[in-house]
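This briefing covers a helix, a surface patch and a salt bridge. Please look through the sequence and the structure before reading the points.

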Amino acid sequence: IFFLILLTVQVIYFFYQQTPELYNAQVVQWFELPANLTRLSERPWTLLTYMFSDTGNNLMRILSNMLWLWAFGYILQEMTGNDKIIPVYIYGGVLGAVFFIAANYLIPPIHAQLNQAALLGANAGTIAVAMATTTLSPNHKFFTMIRGGIPIWVLMLVYLFIDLVGVSSLNAAYSLSHIGGALAGFLFVI
């Protein structure tokens with residue numbers, strides 16, 4: 001819902017022929033999590049708003065997050081009830097934010113981009129839900145029509161492997177935020 005509100009505001013900016021840079025400067029920056037601790041202290045609410053916000057620039061990321069959240073969240077709710085998915089998502093988002101900020105300060109190649117780096121999107125919270133579900137029931141199967149199904153631990157392993165490979169790039173802080181989210185999901189279940 002929050003994504004749709006931001007998208008509507010973006011359409012209004014587009015309608016009035018405003019640049020995407022102006023939209024980011026006037027709207028998005030108030031919802032994205034800055035890596036710079038000074039900017040974060042001026043906008044502490046972004047610790048929560050970033051995980052519910054996204055822009056229309058990367059529709060595939062939004063759709064994949066919604067698909068992962070729906071699939072793993074459904075299983076998590078079946079196993080634990082309706083009261084666990086929101087705390088897991090929030091804890092994953094917060095720990096993902098901590099990993100993101102720490103990576104920007106501690107990894108020298110990306111420290112130079114500290115003032116421009118910002119986190120936006122549901123990735124850390126979504127992977128926390130996926131990891132919590134995998135930790136609870138690693139042998140639960142997806143796609144059961146394919147030779148009896150694929151255990152969710154295999155899907156989770158592939159997702160984590162992709163994030164670990166991403167650590168070797170200049171986008172390491174984003175990949176590490178996903179790892180932080182996964183750690184939060186694991187710790188929540190343990």
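This is a predicted model: local features need pLDDT of at least 70, side-chain atom pairs count only at pLDDT 80 or more; totals for chains, interfaces and linings use all residues.

**Surface patch**

Ile-5 is partly exposed, with a relative accessible area of 46%.

- Ile-5 forms a nonpolar patch on the surface together with Ile-1, Phe-2 and Phe-52.
- The accessible area of these four residues together is about 430 Å².
- Patch members need over 30% relative accessible area, and Ile-5 has 46%.

**Helix α1**

- Helix α1 runs over residues 2-15 and has 14 residues.
- From its first C-alpha to its last, α1 reaches 20 Å, close to the 20 Å expected at 1.5 Å a residue.
- Phe-3, Leu-6, Gln-10 and Tyr-13 are the buried residues of α1.
- Seen down the axis of α1, these buried residues fall within an arc of 75°, so they line one face of the helix.
- The packing partners of the buried residues of α1 are α2 (20-26) and α5 (59-80).
- Leu-4, Val-11 and Phe-15 are exposed, on the other side of α1.

**Salt bridge**

- The count of salt bridges comes to 1.
- Asp-83 forms a salt bridge with Lys-84, and the closest N and O atoms are 3.5 Å apart.
- Lys-84 counts as partly exposed, at 28% relative accessibility.

Conventions:
Residues are numbered from 1 along each chain as its sequence is written. Side-chain values use heavy atoms; hydrogens and water are left out. Helices (H or I, at least four residues) and strands (E, at least two) are DSSP runs, numbered from the N terminus. The expected span of a helix is 1.5 Å times one less than its number of residues. Buried means under 20% relative accessible area, exposed over 50%, partly exposed in between (1.4 Å probe, protein chains only). The arc is that of the directions from the helix axis to the C-beta atoms. Contact means heavy atoms within 4.5 Å. Patches are made of residues with over 30% relative accessible area and no salt bridge: like charges are joined within 9 Å, nonpolar side chains (Val, Leu, Ile, Met, Phe, Trp, Tyr) within 5 Å. Accessible areas come from the Shrake-Rupley method with a 1.4 Å probe; for residues, only the protein chains shown count as cover. A salt bridge is a side-chain nitrogen of Lys or Arg within 4 Å of a carboxyl oxygen of Asp or Glu.
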